[in-house]
Amino acid sequence: ILLERVVRGAEALNPDAIHVVYGHGGERVPKSLSQLPVRWVLQGEQLGTGHAVLQALPTIPDSHTVLVLYGDVPLVRVATLRGLTESAAQGTLSLLSARLAEPAGYGRIVRDGQGRVQRIVEHKDASAAERQIDEINTGLMACPAELLRGWLAQVGNQNAQQEYYLTDVIAMAVADGTPVEAMVAGEESEVAGVNDRMQLAAAEQTLRRRHAEALMQQGVTLRDPARLDVRGELACGRGVSIGLNC
């Protein structure tokens with residue numbers, strides 16, 4: 001399950017708490033994943049990403065760092081998440097970006113002449129020039145809870161979607177003089193969302209490749225890395241060889 005993989009990635013950081021925000025009518029999600037060590041938070045109305053994060057913030061202390069993840073982006077590496085949180089712990093607003101050959105549909109990261117992040121513009125609100133930018137916002141970010149709480153309280157919904165965008169806090173951070181760091185993802189597959197069967201198949205293919213590479217780095221011989229499918233955890237001793245279609 002996609003969400004379970006995202007939660008397991010967050011678990012690897014040893015957080016104080018994991019909050020999962022789910023939508024109206026989605027009661028089957030916490031029921032089917034009741035074994036997950038998370039706090040379930042209902043978002044009664046779907047009013048945007050900023051509004052979703054606001055639902056979880058009341059129980060998060062100001063001294064904590066908030067890491068925002070997405071249930072349909074399951075392949076981000078733990079090392080990447082750790083980089084975001086470590087940067088945010090220094091008082092910065094840290095976000096994960098990616099450079100895409102086909103950035104259509106994504107929010108673009110707008111930088112100034114010195115390369116500093118200024119704001120994020122959603123695709124539907126972007127000008128023709130802004131749509132030429134290939135660096136996109138993945139939506140993943142980390143930030144001190146106290147700062148995030150203050151900025152989200154000021155977010156409005158004056159945009160094409162009439163939603164409260166989490167990304168609006170970027171411009172607020174810049175205006176307040178808070179450092180904004182954009183970390184570029186190591187590979188496009190890390191930030192790929194899963195919205196249909198084709199994207200799901202592509203994500204599974206990437207996961208199979210990662211498992212195969214990890215095993216080979218441990219000294220395991222694979223007759224054909226493309227024909228190995230690892231489900232769950234696999235531990236191998238020395239001199240192990242795995243055949244075809246396993």
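Mentor: R111 is partly exposed, at a relative accessible area of 31%, where buried means under 20%, exposed over 50% and partly exposed in between (1.4 Å probe, protein chains only). The model is predicted, with pLDDT of at least 70 required for local features and 80 or more for side-chain atom pairs, whereas totals for chains, interfaces and linings use all residues. Residues are numbered from 1 along each chain as its sequence is written, and side-chain values use heavy atoms, without hydrogens and water.

The side chain of R111 meets that of E135 in a salt bridge, at 2.8 Å from N to O. R111 belongs to strand β5 (residues 108-111) and E135 to strand β7, so the pair ties together parts that are 24 residues apart in sequence. A salt bridge here is a side-chain nitrogen of Lys or Arg within 4 Å of a carboxyl oxygen of Asp or Glu; helices (H or I, at least four residues) and strands (E, at least two) are DSSP runs, numbered from the N terminus.

S97 is itself buried, at 0% relative accessible area. Setting aside residues up to four places away in sequence, S97 touches I109, E135, I136, T138, A182, M183, V184 and A185, contact being heavy atoms within 4.5 Å.

S97 lies in strand β4 (residues 93-99), of whose seven residues six are buried. On one side, β4 pairs with β7 in the antiparallel sense over five bridges, and S97 stands opposite N137 in β7. β4 also pairs with strand β8 (residues 180-184), in the parallel sense and over five bridges; there the bridge partner of S97 is V184. Two strands count as paired if DSSP finds at least two bridges between them.

To place the pair among the other charged contacts, the count under this rule comes to 14 salt bridges. Another joins the side chains of E11 and R8, at 2.6 Å from N to O. E11 and R8 are three residues apart in helix α1, so about one helical turn separates them.
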